[in-house]
Amino acid sequence: MPGYELINFKEQKEVNKLFKEGGVLFAHGFENLRKKYHVREFEKKCAQFFESKRCLAVSSGTAAIKIGLKALGVKEGDEVITQAFNFIATVEAILDLRAKPIIINVNKTLNMDPAELEKSITKKTKVVIPVHMLGFSAEMRKIKKICKRKNIKILEDNCESVGAKYNNKFLGTLGHMGVFSFDHGKILTTGEGGIILTNNLKLDKYAREYHDHGHENNPKFSRGKDTKTIYGFNYRMTEIQAVIGKVQLKKLKYILKENKKRYEILHNKIKNKFEIRTNPKGSTPNYDTFIFFEKNRKKRKNILKQIKKNSFGTKNLPDAIEWHCAFYWNHALPAREIRNSLKTKNLLSNSIAIPINLKKTTKDYINLAKSILSAV
């Protein structure tokens, strides 16, 4: 979390200002009715903040994944490798292009296992999608090394780790393209929405045209006479999302700092009693979620009771595991990929994920840690 926790008068003020400027909610045209293009300004600010040459704002993180795959040339029959701990949106985007999702397990980072990645690559592999789940980076040095050797493109799904870094570079800027989500449960929120980052101008050009019905937005022509070379679809962000996004982006450094305080309380208090999720070397998390393992079913049940007693919940594990583990997606995946996900399902079934919320104080997290320890 906690973007939605911090929505206040600042976002409301900017939305009101948008209406005073003319109330144009569409990110293109209507030059005589507006003062500025907020989506384009939001893109520029995100590119600057996350240190990327190009940024494209879109309607959702799911749309961003699909657009990224299209830009990277994924076609019907191509194989796209991703991981079993995920959100189903990644697989849906692959399927929507009639490509074939190949599912590999995660290790105790709870992100893509590089050893399994290398074994799963075939001549049909077009793109690899490592997913930086719940605040932590995948082992990108190993993944990039494998993909470079095999000449395979990388699309980073960074929807759940916005603001985290790997070797001092923001996640989402390490592959050929990277995608973020700004839905209401993410660390920054615009309600729905997302961005695509890339340093490749050709990929950005394709993505920008595809997300806008093929419009090239050629400055020599009006929008009604605009030029085009490809067909596209509508995955555009609205101006109202962008003005909210600009305010939320200013809050990110504060969120990261406060997340870390609360995360480290849990880590320091219980690390000697439980196995904690592995943080890859070189990773600087955004501390979105604290995850630890407990194999004993009875102890796990007692811990969950204490979490509830302290007015906390869990995040995905175990409350929403069926939407975040490929083992349960037999409505979308063939039996082979379901079987391949069993190792991840077993690991996640022993995991407990506690969200880091800023409306909870550091004292709340100290008390939570004490309660967890008392349960075992």
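Reader: Why is the pair Cys-46 and Cys-55 too far for a bond?

Author: The closest cysteine sulfur to that of Cys-46 belongs to Cys-55, at 4.7 Å. A disulfide requires a pair of cysteine sulfur atoms within 2.5 Å, so the separation of 4.7 Å is too far for a bond. Seen from Cys-55, the closest cysteine sulfur is that of Cys-46. By this rule the count of disulfides is 0. The model is predicted: local features need pLDDT of at least 70, side-chain atom pairs count only at pLDDT 80 or more, and totals for chains, interfaces and linings use all residues. Residues are numbered from 1 along each chain as its sequence is written, and side-chain values use heavy atoms, with hydrogens and water left out.

Reader: Are Cys-46 and Cys-55 buried or exposed?

Author: Buried means under 20% relative accessible area, exposed over 50%, and partly exposed in between (1.4 Å probe, protein chains only). Cys-46 has 1% relative accessibility and therefore counts as buried. Cys-55, at 4%, is likewise buried.

Reader: What makes Lys-10, Lys-44, Lys-45 and Lys-250 a patch of positive charge?

Author: These four lysines gather on the surface. Lys and Arg count as positive, and a patch is made of residues with over 30% relative accessible area and no salt bridge, like charges being joined within 9 Å. A salt bridge would be a side-chain nitrogen of Lys or Arg within 4 Å of a carboxyl oxygen of Asp or Glu. Lys-45, one of the four, lies in helix H2, residues 38-49. Its relative accessibility is 33%, so Lys-45 counts as partly exposed.

Reader: What sets the backbone of Arg-98 and Asn-151 apart?

Author: Arg-98 is not a glycine, yet has a positive phi of about 60 degrees. Asn-151 also has a positive phi, near 60 degrees, and is a residue other than glycine. Most residues other than glycine have a negative phi, and most peptide bonds are trans. Arg-98 is in the loop between helix H4 (88-96) and strand E3 (100-104), while Asn-151 is in the loop between helix H6 (140-150) and strand E5 (153-157). Helices (H or I, at least four residues) and strands (E, at least two) are DSSP runs, numbered from the N terminus.

Reader: Why are Arg-98 and Asn-151 called exposed?

Author: Arg-98 has 62% relative accessibility and therefore counts as exposed. Asn-151 has a relative accessible area of 66%, so the label applies to Asn-151 as well.

Reader: Which peptide bond is cis, and what is its omega?

Author: The bond from Leu-317 to Pro-318 is cis, with omega near 5 degrees. Pro-318 is in the loop between helix H10 (297-309) and helix H11 (335-340).

Notes
Patches are made of residues with over 30% relative accessible area and no salt bridge: like charges are joined within 9 Å, nonpolar side chains (Val, Leu, Ile, Met, Phe, Trp, Tyr) within 5 Å. Accessible areas come from the Shrake-Rupley method with a 1.4 Å probe; for residues, only the protein chains shown count as cover. The place of a charge is taken as NZ of Lys, CZ of Arg, CG of Asp or CD of Glu.
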